[in-house]
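Please read these points with the model open beside you.

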Amino acid sequence: MLTTASYYASPSSAQAGTPMPRHGKPQQRQPLLLPDAAPAGDRGGDGGGGAMRRRRFVAFLAISVALVASYHHLAPAPASRYHALFLSLGSNDTAAAHLRALTTRPHVAGTEANAVAAEYVRGVLSSSSFPTRVTPYSVLLSYPIHRSLSLSLPGHAAAFNFALVQDTYPGDPYVEASAEVIPTYFAYSGSGSIAAEVVYANYGNTKDYAYLASRGVDVAGKVALVRYGNLHCEDMVRNARAAGAAAAIVYTDAKDFGGTGAKGKRKWFPDERWLPPTGVQVGTLYYGNGDPTTPLWPSCAAGEDCERLSKEELDGSAAMPGIPALPVSARDGETILKAMGGDAAPTEWQGGEGAPMYRLGPGPAVLNLTYIGNETLATIENVFAVIEGKEEPDRYVIIGNHRDAWTFGAVDPNSGTAAMLEIAERLYKLEKKGWRPRRTIIMCSWDAEEFALIGSTEWVEDNMDMLSSRAIAYLNVDISVFGPGGFSPRSTPQLDQLIKEASQMVRDPDDPSQTLYDTMIRHHPPIARVAGAGTDFAAFLQYIGVPSLDMSYGIMEDYPVYHSLYDDYVWMERFGDPLFHRHVALASVWGLIALRLADDEILPFNYDSYASELEKCTKVVEGGCPGCPVSFAPLHKSINQLRKAANKIHKEKMMLQADNWRLKTRDYTVKVRDINDRLMMAERAFINREGLDGRPWYKHMIYASSDQDDWGTKAFPGIVSAIDKANKLNTAESWQLLQHEIYRAARAVSKASAVLDGRLT
């Protein structure tokens, strides 16, 4: 039974003030007024009148030329010139300074230190003369009150008590601040005490538990020991609970996080990038997005009245883990494995060089685990800066990054925060040169992302109607730099061409002879898809259908200190980005994409890429269901419609751009707005208000996380889930459900085609 303490306790965090937005009326250049020219047919007359008129006409031409020259001299520079200037303004020192300032203390959401970080971000944005504001919400956060873990063996009188502490390292400049790090835990873990034998379940996915069952190893009532790998912790604990485990222990295996080489010869941070033996990866176990007390509707600020789930309703929620769980280090995990018996685990379940033999259990080792958590309402703060658009202030290009961290957060997330603040300072310099965006740019610093994407989700739920009608795109960077490895974007497909064009404008920091595009295309695929619920694009894309992207430099495998004590400025300075040139490059391409979306007269969206991507995905999904008694013809038909609509609107764009020198009329302006609205709104058509089967928050019919992996990317998630169920059940009803999901996806694609086409049925 999940127990909580102080559920409606007062927030412990200090709430920063809420500055009022600064409003300024933009200066507008007066139109140039020219005198009417003489009628073309009036060429002369008697008495010298014709000569006089000719002299007046020549004088008029001279004045006109001078006025036109003066006008062009005073006219604002083309947007492309400002974009080139933006790329020249990057500063390694600025990015480094912001990261150092943001990571002096650990800053978990709801704490005083994170309120200080929020004020730092607001101060930097405000110093750039952008109107800023702070939007607070009171949400349910989770902190540990008590943790203990001990190991007992038959015939041994004394139990071994685990310290559950991450050791600081020699010369650690943050040793005093490390005392503020919250003890290792899983947010929203079930509270309780469990004493039971241990079963080793490898990476904790459903196939691993199926293997244990095939070997006759019963997990029911036991403690499941699993290692981090290809699943996030909430999925691992959910799978353990589904298998009947009474509790779960998740450890970081040295094979995956501790480096290579024989045991005793490995080096780890601060000597190498690898996770030290006592390092622990913490995280959240809430299987949902947003404030757990306000699912599917927004929360409110402290002192305001809003509907919330009761404690009893939360206890019974499938989104809560329901069992105690605890993350531990590689050293502690190995200690447990050494004490286990039973059959030897398969080769692929074993550890690295020098590791003990891993056995399946159960027992004879018995673990005694106690965890008591405190779920409490606390204040979080989203920070915003707004650069109002000149021609289309009611169209929003939104860039965002979360600010809260489990510890110091030098990589996750404040490498992204530093890059966003670097962008803000560059945009301020552009403003001083005369630039104003055509459309409004909103910069967002989200709070409480680590707990359940809470800050961004609550804001999107709070503003969904406005955003649904006005948001052009959401551009997210969670982690800007992992280390080496090249540029790694993921997006909805209509942004693919823009990403390629922008990446060709930025030199690769690790190889200046090439561009980011050159290193990107070496990846397979070069541009991945945004689908999993791993970061703040989720609410924008999967809840309201806003085109979205996320990007980083480097790869996750080069970042073994993820969510641990050792994610600090020293790690970044030594291993992630010693020169901070990767930060600058990522900020350059991120900012350039934002500028193109804000300044281009016609939005640089290409839906032909979307049609091509859906064709590929349909083949993959169809190939996973050979001989199924269903038809994918409706989906193929709808994708053909999408391609035709994409080609049609592309031709309209080309024709309009070819003629724009002579069509700067009201009709031209109306046509541009019409095309842009269709390009903007097509993604919204993929939203189904009922949501995915069993997961109503996820409303996007094309992209969502897998129902087996909250971070996994799945195209046509409803179809994939239905195939899995039908293959298991093989009933007429299950195949009928699969056909229904195919039709649902096809209808969504057809709706998007109609929006692009600009037609009514």
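1. Helix 22 is followed by N730, whose phi is positive, near 50°. Helices (H or I, at least four residues) and strands (E, at least two) are DSSP runs, numbered from the N terminus. Helix 22 covers residues 717-729 and spans 18 Å from its first C-alpha to its last, close to the 18 Å expected at 1.5 Å a residue (1.5 Å times one less than its number of residues). Its buried residues include P717, I719 and A726; buried means under 20% relative accessible area, with a 1.4 Å probe and protein chains only.

2. This is a predicted model, in which local features need pLDDT of at least 70 and side-chain atom pairs count only at pLDDT 80 or more, while totals for chains, interfaces and linings use all residues. Residues are numbered from 1 along each chain as its sequence is written, and side-chain values use heavy atoms, leaving out hydrogens and water.

3. Eight of the eight residues of strand 11 (residues 439-446) are buried, so the strand is largely enclosed by the rest of the structure. Strand 11 runs antiparallel to strand 9, with five bridges, and parallel to strand 10, with eight bridges (strands pair if DSSP finds at least two bridges between them). The bridge partner of V386 is I442, and that of E392 is R439.

4. How many disulfides does the structure hold? There are two, a disulfide being a pair of cysteine sulfur atoms within 2.5 Å. One joins C300 to C306, S to S 2.2 Å; the torsion about its S-S bond is about -70°, so this disulfide is left-handed. In the other, the sulfur atoms of C625 and C628 are 1.5 Å apart, and both residues are buried.

Notes
Buried means under 20% relative accessible area, exposed over 50%, partly exposed in between (1.4 Å probe, protein chains only).
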